[in-house]
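Try each task before reading its solution.

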Amino acid sequence: MFWFLMIAMVVVIAAVTLAVVGGGESEVLPEAAPEQLVDPLPLTRPVGRADVDALRLPVAPRGYRMADVDDVLSRLGAELAERDARIAELEAALAGAQATAVGGADLFDKKPARPEDDEERGR
């Protein structure tokens, strides 16, 4: 019985090895082309929500390809930094315009208050 099990195990291992290696003209396991990221993020306009929603990263044997994920994240980070800088610039311009509109030109024409004036009013 022992010899029968040993011979059966050798036959099974040989069959699996031939199947994996591809023994014969017909390939049992055809070569799969590795997935590569086709960058769907637009180069000619800012990245929008629909672009991020449509983004699909290729899967590698142990998860996602780090280089592809790093490229996409650095691109999105650069876009966000550019937008943040533009928002800060516009907010500063708006604050300056509001200060000018509220203060008006007569803001600097007024004479500063003197302490004697406050004493005369009874304060």
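The model is predicted, so local features need pLDDT of at least 70 and side-chain atom pairs count only at pLDDT 80 or more, while totals for chains, interfaces and linings use all residues. Residues are numbered from 1 along each chain as its sequence is written, and side-chain values use heavy atoms, leaving out hydrogens and water.

**Exercise 1.** Work out which side chain meets Arg75 in a salt bridge, and describe the setting of Arg75.

*Solution.* Start with the place: Arg75 is in helix 3, residues 66–103 (helices are DSSP runs of H or I, at least four residues, numbered from the N terminus). Next, look for a carboxyl oxygen of Asp or Glu within 4 Å of a side-chain nitrogen of Lys or Arg, the salt-bridge criterion. Glu79 meets it at 3.5 Å, N to O. Arg75 and Glu79 are four residues apart in helix 3, so about one helical turn separates them. Finally, check accessibility: Arg75 is buried at 17% relative accessible area (buried is under 20%, exposed over 50%, partly exposed in between, with a 1.4 Å probe and protein chains only). Glu79 is buried too.

**Exercise 2.** Classify the geometry of the aromatic pair.

*Solution.* The structure holds one aromatic pair. Phe2 and Trp3 form this pair, with 5.6 Å centre to centre and 70° between the planes. Rings of Phe, Tyr and Trp (its six-membered ring) pair if their centres lie within 6.5 Å; planes under 30 degrees apart are stacked, over 60 edge-to-face, the rest tilted. The pair is therefore edge-to-face. Both Phe2 and Trp3 are exposed.

Key:
Helices (H or I, at least four residues) and strands (E, at least two) are DSSP runs, numbered from the N terminus.
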